[in-house]
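Keep the picture open as you read.

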Amino acid sequence: QHPAFGRLKSNIFYFDNNKPTQSKLLEDIVWDASRKKYWITTAYGTGIYELAKDKNIATPIPFPEPKKSDDVEMFGDIIVDAQKRVWAVRRYYGLYQYSDELKMFTKPLLKGPVPDSLIGNVSRLTVDKKGNIWAFAKNYFIYYDAIQGTTEQYPLRWDPDFDGQRKIILS
């Protein structure tokens, strides 16, 4: 069990053990068994961090795009797919994938008929029991078969006769 497990379970992590007052409220915590580390995002847009199983200090992970002066580095929905690739959504910028070679998150290159404009609009991300990816982007659900490398898009159509909360209809 990780030394910081109690704090992680409570959604609080101290980024410097010498200064426990400098804590961050966590948004996502994902254990990556193949890399033996946690991936962590914070609730206030301070980027993505990695926390090795045997460490107490979280290390920030860089990404290639320069930060604008008023921009926050908000990431969320971290997942690990069936091929052990790590994915995350950067708020306002879309889908990112971790590169083991570059040691940073970059825009992904997916096989299949998913246009870059749709990838840039991914706002939610999850993985199913088989490790395949489901994403929501504007008016589409995107299914990515992580083993086969194929994608399917499901456009959302809203039922025009329904006055309450919108129903989702897969076509």
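This is a predicted model: local features need pLDDT of at least 70, side-chain atom pairs count only at pLDDT 80 or more; totals for chains, interfaces and linings use all residues.

**A hairpin to begin with**

Start with strand E10, residues 122-127, and strand E11, residues 133-137: they run antiparallel and are joined by 5 bridges. Strands of a sheet pair through backbone hydrogen bonds, either parallel or antiparallel. If you look for Thr126, you'll find that its bridge partner in E11 is Trp134. E10 and E11 make a hairpin, with 5 residues between them. In the turn sits Gly131, which has a positive phi of about 90°.

**The four-strand sheet**

Next up is an open sheet of 4 strands, in the order E6-E7-E8-E9, with antiparallel pairing. Strand E6 (75-80) and strand E9 (104-106) stand at the edges; each has a single partner strand, so one side of each has no neighbour in the sheet. From one strand to the next, the twist averages 30°.

Zoom in on E6 and strand E7 (residues 86-90), which pair in the antiparallel sense over 4 bridges. Here Ile79 stands opposite Trp87 in E7.

Strand E6 also holds Asp77. Is Asp77 buried or exposed? Its relative accessible area is 9%, so Asp77 is buried. The side chain of Asp77 reaches the backbone nitrogen of Leu125 at 3.0 Å. Leaving aside neighbours within four places in sequence, Asp77 is in contact with several residues, including Asp28, Trp87, Arg91 and Ser123.

**Charged pairs**

Side chains of opposite charge can pair when their charged atoms come close. How many salt bridges does the count come to? It comes to 5 salt bridges, and here are some of them:

| Salt bridge | N to O distance |
|---|---|
| Asp32 and Arg35 | 2.6 Å |
| Lys37 and Glu50 | 2.3 Å |
| Asp81 and Arg85 | 2.8 Å |

Lys37 and Glu50 are both buried. Asp32 is buried too, and so is Arg35.

Now for Asp81 and Arg85. Asp81 has 5% relative accessibility, so it counts as buried. Arg85, at 22% relative accessibility, counts as partly exposed. Salt bridges that share partners also tie Asp32, Arg35 and Asp100 into one network.

**Aromatic rings**

A pair of aromatic rings is described by the distance of the centres and the angle of the planes. The structure holds 10 aromatic pairs. Take Phe75 and Phe105: their ring centres are 6.2 Å apart and their planes are at 45°, so this pair is tilted. The pair links distant parts of the chain, with Phe75 in strand E6 and Phe105 in strand E9, 30 residues apart. Phe75 counts as buried at 2% relative accessibility, and Phe105 counts as buried at 1%.

Trp134 has a relative accessible area of 31% and is partly exposed, whereas Tyr143, at 14% relative accessibility, counts as buried.

Which residues form one aromatic cluster? They are Trp39, Phe75, Tyr96, Tyr98 and Phe105.

**A few spots worth a look**

Two lysines in loops have a positive phi. Lys36 has phi near 55°, a positive value in a residue other than glycine. You'll find Lys36 in the loop between strand E2 (23-32) and strand E3 (37-42). At 54% relative accessibility, Lys36 counts as exposed. Lys103 has phi near 60°, again a positive value in a residue other than glycine. Lys103 is in the loop between strand E8 (94-99) and E9, and at 49% relative accessibility it counts as partly exposed.

Finally, find Ile142 in strand E12 (residues 140-145). With 5% relative accessibility, Ile142 counts as buried. The C-alpha atoms of Ile142 and Pro155 are separated by 8.6 Å, and these two residues are 13 residues apart along the chain.

Technical notes
Residues are numbered from 1 along each chain as its sequence is written. Side-chain values use heavy atoms; hydrogens and water are left out. Two strands pair if DSSP finds at least two bridges between them. Axes are lines fitted to C-alpha atoms, for helices over the stretch in contact, and angles run from 0 to 180 degrees between N-to-C directions. Buried means under 20% relative accessible area, exposed over 50%, partly exposed in between (1.4 Å probe, protein chains only). A salt bridge is a side-chain nitrogen of Lys or Arg within 4 Å of a carboxyl oxygen of Asp or Glu. A polar contact is a pair of N or O atoms within 3.5 Å; within protein, one must be able to donate a hydrogen and the other to accept it, and residues adjacent in sequence count only if both atoms are side-chain atoms. Contact means heavy atoms within 4.5 Å. Rings of Phe, Tyr and Trp (its six-membered ring) pair if their centres lie within 6.5 Å; planes under 30 degrees apart count as stacked, over 60 as edge-to-face and the rest as tilted.
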